[in-house]
Amino acid sequence: VGEGGEITYKKIQSSQIMGSIQLGIQHAIGGLASKPERDLLMQDFMTVETTNFPSEGSNHTPAHHYSEFKFKTYAPIAFRYFRDLFGIQPDDFLMSMCSAPLRELSNPGASGSIFYLTNDDEFIIKTVQHKEGEFLQKLLPGYYLNLDQNPRTLLPKFFGLYCYQCNSKNVRLVAMNNILPSSVKLHQKYDLKGSTYKRKASKSERVKNSPTYKDLDFMEHHTEGIFLEADTYTALIKTMQRDCRVLESFKIMDYSLLVGIHNLDEAQREKTEARKRNDSHSDDEDGDKKGLNRTRSEQSQDEFKAQVKRTQSINRQRLVAHSTAMESIQAESEPIDEEEDVPPGGIPARNARGERLLLFIGIIDILQSYRLRKKLEHTWKSMIHDGDTVSVHRPSFYAQRFLDFMAKTVFKKIPSLDLPEIKGNH
Ligand code: ATP
Ligand code: CA
Ligand code: CA
């Protein structure tokens, strides 16, 4: 956070970064239209296109109110091919990225990266370090060899790599799929690695509106784990095994499984509570309670807008093919008809109390390669704690521990979600 409370990244105002990258991406996608579709060549992974954006505009670029900047697009033809692989039309990508202001996520990691979410909830843009950007570039041919063979994966789907340059500062950005829907309340969120060393959400994280908890918190909240139907469990673990094999082959580690939990029964209770509260309070009290000096009509106007937005994003199938959790693990389930205002593709599950859950999951933060990692980052203490003393084997150790944790501690297999002791239809 910079002076005056504005969020900054490398001393550049976040709002300026957002606006500028939208101009840059718009230009990059527009420019692709003149390049006919063709098979990918190896050199397509290495190309970089650079465009200048002077404030007063130029022959190719519009005038704008931001500082003059340069915008680099990495491997534009290759990323077009990948977007195509996931069914993303150029116009749709352009609409998602550029037609409405981006939203900044308030729940970033410790690395200081900034996350932007597109207004339609489809894409996330994350700032990455120089090393990570370079690594993604090197990764591209092999990574997509894999995706081409198997687009059903929980691995992140990368749709673009860019660099915004301003005042001799570089801001590298990756565009990828958004795992957590913002139209539905996630009652709990976890970032899980399978390690227990320092894997507890910090105090400052826990007081947040929607904190992201870690491994130790999960074990405390869900001592018996989360229950999945046998077929779903098997599909999920198989997918994670395949994904981890790919990550290990690239010597990648430190990735996490991001798990968002929507609790259908809790949501039901919240709804009933809210209705009760509305019935028993007069309008004035309601306004006072919220501590806002707004009129009733202003409030209902806001509610209405929020409702419209929610419906818009729910009524539409996801833009990115195979991107929901259920599609990613190639599992199927009955749609949940009683709860229509829930985005499609969550994995049905139960907690130990028998409550119906929907899980939104994906593997994130895969651009740390062991080969590139700073030596200091990993302390002796954590190596001893994790029992991971043979450094050459670290990526395989990491993958094995990750899988073990998911298959044994986080997810549990039960014959059916509708067993008598776990009541109700899912
Ligand atoms: P660190 O390296 O310190 O772990 P980071 O800056 O690399 O942090 P990530 O681990 O990639 O950040 O992500 C941080 C948080 O951002 C996640 O816990 C999650 O809440 C959110 N997030 C990241 N990627 C996604 C995604 N694809 N979809 C939805 N949320 C995401
Ligand atoms: Ca991380
Ligand atoms: Ca990281």
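**View 1. Cysteine 166 is buried, at 2% relative accessibility.** Buried means under 20% relative accessible area, exposed means over 50%, and partly exposed lies in between, with a 1.4 Å probe and protein chains only. The cysteine sulfur closest to that of cysteine 166 belongs to cysteine 163 and is 11 Å away, too far for a bond. A disulfide is a pair of cysteine sulfur atoms within 2.5 Å, and by this rule the count is 0. Cysteine 244 also counts as buried, at 1% relative accessibility.

The model is predicted: local features need pLDDT of at least 70, side-chain atom pairs count only at pLDDT 80 or more, and totals for chains, interfaces and linings use all residues. Residues are numbered from 1 along each chain as its sequence is written, chains are lettered from A and ligands numbered from 1 in the order in which they are written, and side-chain values use heavy atoms, with hydrogens and water left out.

**View 2. Aspartate 365 bridges two calcium ions, ligand 3 and ligand 2.** The two ions lie 4.2 Å apart. Donors are N, O and S atoms within 2.8 Å of the metal, or 3.2 Å for Na, K and Ca; water is not among the atoms, so sites may look incomplete. Aspartate 365 is in the loop between strand S15 (356-364) and helix H12 (380-386). Helices (H or I, at least four residues) and strands (E, at least two) are DSSP runs, numbered from the N terminus.

**View 3. Ring pairs link Phe45, Phe79, Tyr81, Phe82, Tyr143, Tyr144 and Phe158 into a cluster.** Rings of Phe, Tyr and Trp (its six-membered ring) pair if their centres lie within 6.5 Å; planes under 30 degrees apart count as stacked, over 60 as edge-to-face and the rest as tilted. The whole structure holds 16 aromatic pairs. One of them joins tyrosine 81 and phenylalanine 82 edge-to-face, with 6.1 Å centre to centre and 80° between the planes. Tyrosine 143 and tyrosine 144 are also edge-to-face, because their ring centres are 5.1 Å apart and their planes are at 85°. Tyrosine 81 is partly exposed, at 31% relative accessibility, whereas phenylalanine 82 is buried at 1%. Tyrosine 143 is buried at 2%, and tyrosine 144 is buried at 4%.

**View 4. Arginine 83 lies over the face of phenylalanine 93.** The distance from the ring centre is 4.6 Å. A charge sits over a ring if NZ of Lys or CZ of Arg is within 6 Å of the ring centre and within 35 degrees of the ring normal.
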